[in-house]
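Trainee: Please take a close look at one part of this model, the ligand site. Walk me through the contacts there.

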Amino acid sequence: MKMLALYSIKGGVGKTASAVNLAAEACRDGRRVLLWDLDPQAATTFYLRAKPKVRGGVGKLVKGKAALDKVIRNTGVEGLDLLPAAIGSRAMEQLLEDRKPSRLRRMLQPVHDDYDLIILDCPPSLSTLAEQIVSSVDALLVPVIPTTLSQRTLDQLRHYLDDANQDCPVWPFVTLADRRRKLHREIVDDLGEHWPTRLSTTIPNASAIERMGLERAPVNAFAPRCAGSRAYAALWREIAQRLG
Ligand SMILES: Nc1ncnc2c1ncn2[C@@H]1O[C@H](COP(=O)(O)OP(=O)(O)OP(=O)(O)O)[C@@H](O)[C@H]1O
Ligand SMILES: [Mg+2]
């Protein structure tokens, strides 16, 4: 079982859109996927038409007592299950404080054999939860939007990981890109120079991806041939190759 997180310190960079679309592509590829919505805003849960409630509360989950199959939901996407956003992130963070590393991975132990891939959709912050995330996953997928500020947050993330002594692989990729703009092209090139581990697929700024909120489905479910959908398929192929 592999575990990936869509992670960035910055908000609104396409973490949730990418988590949902990559999960859907992995399913199309025959993988059994669990998407864990760790963001109390519950956008992933909304996109996949699940109710954002964890029966018994997140406390039971952290203590490992709840049967996970009671809280995991099916989605409209074949092969894709969802662990919905639990109660507020503060409760989650409090419960995770002073816990040993890799707690998130160990919390999922009971369903270890049921999934090939677990994808975490993370809230935009550096917090206790972040420590748990980086110590649990096989790689951080970091969406970078083509602005200089967004690139700086990538450097901040690198410093954070260095300070925390974490060697979790970081795989940035560019999203919300507009190839016609010079600044965008320069930033894409610059990322290639400074981040050899970057994923080379660029996700375009695409209106179909924006429509996910209306359709409440991954983009390949309602616009499979659009540029955004094809880009996520290519990005997934790149990731799958790295995961082996
Ligand atoms: N490739 C894209 N093309 C067009 N719109 C996009 C694209 N990716 C994301 N969006 C839109 O940008 C907004 C932010 O995206 P998203 O919610 O995925 O970001 P996020 O990083 O998860 O945000 P947050 O930090 O608040 O959780 C949403 O309205 C989404 O529909
Ligand atoms: Mg989000």
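**The ligand 1 site**

T16 counts as buried because its relative accessibility is 14%, where buried means under 20% relative accessible area, exposed over 50% and partly exposed in between (1.4 Å probe, protein chains only). The model is predicted: local features need pLDDT of at least 70, side-chain atom pairs count only at pLDDT 80 or more, and totals for chains, interfaces and linings use all residues. Residues are numbered from 1 along each chain as its sequence is written, chains are lettered from A and ligands numbered from 1 in the order in which they are written, and side-chain values use heavy atoms, with hydrogens and water left out.

T16 belongs to helix α1; helices are DSSP runs (H or I, at least four residues), numbered from the N terminus. The T16 side chain makes a polar contact of 2.7 Å with that of D121. Such a contact is a pair of N or O atoms within 3.5 Å; within protein, one must be able to donate a hydrogen and the other to accept it, and residues adjacent in sequence count only if both atoms are side-chain atoms.

The T16 backbone also faces the ligand: one of its polar atoms is 2.8 Å from an oxygen atom of ligand 1. For G12, a polar backbone atom is 3.0 Å from a ligand oxygen. V13 has a backbone N or O atom 3.0 Å from an oxygen of ligand 1.

Around ligand 1 there are 19 residues, of which K15, T16, A17, P204 and A206 come nearest; a residue is near if one of its heavy atoms lies within 4 Å. Helix α1 (15–28) and α10 (207–210) each supply at least two shell residues. The most come from α1, with 3.
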